[in-house]
Amino acid sequence: MSDWRSIPCVEKHKEFLEKLITVLIDSTFESVSRENPVLRWRDPAHLQDIIKFDVQDGPRSQDNLLEIASKVFKYSIKTGHPYFMNQLFSGLDPYGLAGQWLTDVLNSSVYTYEVAPVLTLMEKTVITKLLSMFYKDENGATVGDGLFCPGGSFSNGIAINLARFWFRKTTQSSKRISSSNLVLFTSQDAHYSVLKWANVCDVKVILIKTDSSGKMDITDLRANIIEEQKKGNYPFSVSATAGTTVLGAFDPLIEIADICQEYNMWMHVDAAWGGGLIFSKKHSVLLRGIQRADSILFNPHKLLAVPQQCSLLLTRHQNIFKDAHSQQASYLFQKDKFYSADLDVGDKYLQCGRRPDTLKFWFMWQAKGTSGFEKHVNHLMTLSALFKEEVEKRDGFELVTDSCFINVCFWFIPPSLRSQYSLYNYKEQINSVAPKLKEKMTKRGSLMINYQPLHEKPNFFRFVIQNSGVDTEDIYYVFDELENLGESM
Ligand SMILES: Cc1ncc(COP(=O)(O)O)c(C=O)c1O
């Protein structure tokens with residue numbers, strides 16, 4: 001059998017796949033070993049030379065493909081490495097990985113029960129469980145519905161569309177309210193996807209001021225709502241954040257819920273990052289008020305370290321997904337099927353074909369139990385508190401702002417700039433430190449930690465972790481490495 005046929009055949013592919021699995025398993029353990037670098041930096045021209053990216057007319061041999069697979073691994077970033085602290089995702093959970101591999105063998109799409117019976121029930125189980133954690137009505141019953149989405153940005157977008165749909169439905173108006181008269185409020189520290197999707201939906205956005213810790217300023221929110229009403233516009237939604245991207249701040253959800261109730265606005269909470277705290281009895285207090293949200297975005301691929309991507313949009317409105325999205329395509333969602341049409345969840349979604357992101361999450365959940373996720377979250381919070389303490393203790397490190405969550409934002413002040421605040425270009429000099437250090441650590445492959453400026457603040461580092469394989473010793477390593485790299489600056 002030649003290789004152009006899309007079917008595995010024992011004689012031709014078994015040995016190849018077994019060898020590939022060996023490469024994958026070896027790579028898994030190599031990628032998380034502290035003995036190995038986080039990355040092997042190569043500039044693009046060099047990388048083009050190492051991996052021949054061009055595709056060719058004829059097929060490559062299986063040996064050649066195995067060689068390519070090894071190189072792809074070798075020169076990619078090891079996001080499961082304990083020293084990869086660059087993004088709001090990291091880690092390589094063994095059970096999540098197993099769930100991911102299982103997902104790929106199935107190559108399924110979750111729209112109808114006939115195509116995805118197991119996955120449909122699995123999705124329903126996970127969504128119902130999460131709804132019961134985030135939302136409960138007065139009688140303790142679970143309410144609402146949920147969607148798995150291709151990432152948090154997309155979930156934020158769907159929330160804007162739902163808010164608009166709901167607002168138009170619940171507002172008495174003799175004519176359809178134009179999108180351009182609809183106003184959404186979010187903080188200036190909210191994720192940029194809110195702005196992008198507001199743009200796609202053509203609704204106006206007002207950015208609300210934040211305080212020094214990054215929380216939305218409620219007085220400014222109220223003033224802006226009143227101002228927009230005076231202009232004849234329709235304030236229709238507040239997009240609050242529970243765990244902002246850079247500072248890790250939590251907007252005051254209870255006050256925002258009160259304001260939304262007062263002005264008949266949809267309250268969305270972007271808990272892409274902070275949502276995982278719901279698993280921790282100790283730390284879920286940071287999410288107080290979230291149960292009053294009309295919709296909640298939660299990314300298990302962030303704080304819970306579920307493999308990418310795993311994102312959910314939850315709502316307490318039972319039927320709104322169907323009401324807002326359903327098109328009843330007759331080739332998929334036939335009314336005369338022999339089983340209940342409710343099992344065909346695809347019509348609630350904006351996508352047609354859809355990866356079963358539920359499987360890896362459900363599999364991890366089976367492996368760890370809810371208590372395992374709780375321990376994971378508590379461990380991360382403990383390490384992050386330790387990191388903050390060290391910043392406060394060590395010479396040459398300065399906190400940007402006090403933190404209550406995982407994010408610890410700090411400046412590294414190199415020896416030559418210590419106690420030099422009166423220098424006329426001190427801020428400019430500080431601004432150049434983080435990019436230089438980042439270049440050094442990237443080229444050495446010893447650490448990946450992100451930096452950014454924010455508002456008037458010069459570049460600073462943002463420490464974050466999602467990998468519960470990180471230990472106390474790793475925290476000290478980060479400080480030692482930064483000191484080492486910045487010694488001569
Ligand atoms: C607060 C917040 N919301 C939304 C997102 C977007 O999530 P995703 O990367 O899954 O699109 C991010 C990403 O970092 C985020 O920090």
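This is a predicted model: local features need pLDDT of at least 70, side-chain atom pairs count only at pLDDT 80 or more; totals for chains, interfaces and linings use all residues.
T128 belongs to helix α5, which spans residues 117-134, and its C-alpha atom is separated by 7.5 Å from that of D145, a residue 17 positions away along the chain.

**Backbone features in loops**

Most residues other than glycine have a negative phi, and most peptide bonds are trans. Against that background, N107 has a positive phi of about 40° although it is not a glycine, and N264, also not a glycine, has a positive phi of about 55°.

| Residue | Phi | Loop | Other C-beta atoms within 10 Å |
|---|---|---|---|
| N107 | about 40° | between α4 (94-106) and α5 | 8 |
| N264 | about 55° | between α9 (253-263) and β6 (266-271) | 13 |

Because 12 or fewer such neighbours make a residue exposed, N107 with its 8 is exposed, whereas N264 with its 13 counts as partly exposed. A further backbone feature is the cis peptide bond that joins Q308 and Q309, with an omega of about -15°; Q309 lies in the loop between β7 (295-298) and β8 (311-315).

**Surroundings of the ligand**

The ligand is surrounded by 15 residues, of which the closest are G151, G152, H191, T245 and A272. By class, this shell is made up of 3 nonpolar, 11 polar and 1 charged residues. Helix α6, residues 152-170, gives the most to the shell, contributing 3 residues.

**Packing of α6 and α7**

Two packed helices are described by the angle between their axes and the distance between the axes. For α6 and helix α7 (residues 192-201), the axes come within 9 Å and cross at roughly 45°. Since angles from 65 to 115 degrees count as roughly perpendicular and those under 35 degrees as roughly parallel, the two helices are therefore oblique to each other. The crossing of α6 past α7 is right-handed. On the α6 side, the contact involves G152, S153, N156, G157, I160, N161 and R164, which meet S193, V194, K196, W197, A198, V200 and C201 of α7. This contact of α6 with α7 has, by class, 6 nonpolar, 6 polar and 2 charged residues.

Definitions and conventions:
Residues are numbered from 1 along each chain as its sequence is written. Helices (H or I, at least four residues) and strands (E, at least two) are DSSP runs, numbered from the N terminus. A residue is buried if 20 or more other C-beta atoms lie within 10 Å of its own, exposed if 12 or fewer, and partly exposed in between; C-beta atoms are placed from the backbone. A residue is near a molecule or strand if its C-beta atom, placed from the backbone, lies within 6 Å of it. Ala, Val, Leu, Ile, Met, Phe, Trp, Tyr, Cys and Pro count as nonpolar, Asp, Glu, Lys and Arg as charged, and the others, Gly among them, as polar. Axes are lines fitted to C-alpha atoms, for helices over the stretch in contact, and angles run from 0 to 180 degrees between N-to-C directions. Angles under 35 degrees count as roughly parallel, over 145 as roughly antiparallel, 65 to 115 as roughly perpendicular and the rest as oblique. A crossing is left-handed if the near helix is turned anticlockwise from the far one by less than a right angle, and right-handed if clockwise. Two residues are in contact if their C-beta atoms, placed from the backbone, lie within 7 Å.
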